[in-house]
Amino acid sequence: MSEDHVAELVELLQLERLEDNLFRGQSRDIGTRFVFGGQVLGQALAAAQETVDPLREAHSLHAYFLRAGDIEAPIVYNVERTRDGGTFSSRRVVAIQHGQPILNGSVSFQVPEQGVEHQTSMPEVPAPGDLEPLHPLPPDELARLPVKLQRWMGIDGPFEFRQVWPRDERHPAKRPPIQHIWFKLTSPISDSAILHRSLLAYASDFHLIGTATLPHGISYLTHNVQMASLDHALWFHRAFRVDEWLLYSFDSPTAQGGRGLARGQIFSRDGRLVASTAQEGLIRVRSD
């Protein structure tokens, strides 16, 4: 089953070309109320890449989530070829559903080159093999949840996650806004660096804004909490594979005004910093 889920996700990121700069992607219901933000990020990056020389590698993506996506409808991606310079290319991407934009994004590409290099050190955490895999909820507890949440809370998906400090989202305790999570695809895929970047864009939306809820003892399952991603930034630094273990290290420096900010660093198993992320999200706690 895991190979089927991975193949389905890879297919989801293969877009249909409608015109030179126009692409269509399908949607996948993973148990969220609306289209998962990571899906739109991964497809937007894939659409932009289709308009660029494949030798130019994506190094940054910046996006605003404008409207919730309809899981039952395809998404059209309109790519504007903003600039092609000697080294860099820039693309603007608008994701459209039902005639309205649901995401505005920009992607920058670069011809690989050598330069000065340094990086921060990977946090000292247990290896993924020393951590327990996620366990499914007991069948009786799972049955009491709405059908969509049952799908979201299930562990049978394309990615495997191992949390350094596990948290029960149903009964969240207050703790500092820091977490570390190992993740990888559950089965191998091709060597295409373009595909691995699109898949990392997809996975980069997991757990980010949730980090900003940690000090407050709330989660997306708390009945009076409203959460939504507002914007997302992703920078690619070094080569990686998403079918090998990657460490996603998060922190949240601030939350205020109904918004929370979270940052992430993604490391390969051997300690290389391969990507960085940042996201601001809506976090509203409504009065009962």
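The buried residues of helix H5 are Leu195, His196, Arg197, Ser198, Leu199, Leu200, Ala201, Tyr202 and Ala203, where buried means under 20% relative accessible area, exposed means over 50% and partly exposed lies in between, with a 1.4 Å probe and protein chains only. Because nine of the 11 residues of H5 are buried, the helix is largely enclosed by the rest of the structure. The model is predicted, so local features need pLDDT of at least 70 and side-chain atom pairs count only at pLDDT 80 or more, while totals for chains, interfaces and linings use all residues. Residues are numbered from 1 along each chain as its sequence is written, and side-chain values use heavy atoms, with hydrogens and water left out.

**Domains from the record**

- UniProt, in an unreviewed entry, places "domain: Acyl-CoA thioesterase-like N-terminal HotDog" at residues 31-110; UniProt positions are given in the numbering used here, feature names are shortened, and annotations may be inferred rather than shown by experiment.
- Residues 31-110 are 16% helix and 50% strand, with end C-alpha atoms 36 Å apart; helices (H or I, at least four residues) and strands (E, at least two) are DSSP runs numbered from the N terminus.
- The unreviewed UniProt entry also places "domain: Acyl-CoA thioesterase 2 C-terminal" at residues 176-282, a stretch that is 10% helix and 48% strand, with 19 Å between its end C-alpha atoms.

**Second largest pocket**

- The second largest pocket holds about 780 Å³ of space; on a 1 Å grid over the protein atoms alone, a pocket is an open set of points with protein on both sides within 12 Å along at least five of seven lines, whereas a cavity is a set where a 1.4 Å probe fits but cannot get out, and lining residues have an atom within 4 Å of a point.
- Of the 25 residues that line this pocket, Gln110, Glu113, Phe236, His237 and Arg238 are the closest to its centre.
- Strand E3 (57-65), helix H5 (193-203) and strand E9 (225-236) each supply at least two residues of this lining.
- The lining divides into 10 nonpolar, eight polar and seven charged residues, with Ala, Val, Leu, Ile, Met, Phe, Trp, Tyr, Cys and Pro counted as nonpolar, Asp, Glu, Lys and Arg as charged, and the others, Gly among them, as polar.

**Largest cavity**

- The largest cavity has a volume of about 30 Å³, a volume being the space filled by probe spheres set on grid points that are joined across faces, edges and corners.
- Phe161, Ile181, Phe183, Ala203, His207, Tyr248 and Phe250 line the largest cavity, and strands E8 (178-185) and E10 (246-256) are the elements that give two or more residues to the lining.
- This lining divides into six nonpolar residues, one polar and no charged.

**Threonine 277**

- Threonine 277 lies in strand E12 (residues 273-285) and counts as buried because its relative accessibility is 4%.
- The side chains of threonine 277 and tyrosine 248 are joined by a polar contact of 3.0 Å, that is, a pair of N or O atoms within 3.5 Å, of which, within protein, one must be able to donate a hydrogen and the other to accept it, residues adjacent in sequence counting only if both atoms are side-chain atoms.

**Loop residues**

- Most residues other than glycine have a negative phi.
- Histidine 98 has a positive phi of about 55°, lies in the loop between strand E5 (88-97) and strand E6 (100-110), and is exposed at 62% relative accessibility.
- Histidine 207, in the loop between H5 and E9, has a positive phi near 70° and is partly exposed at 27% relative accessibility.
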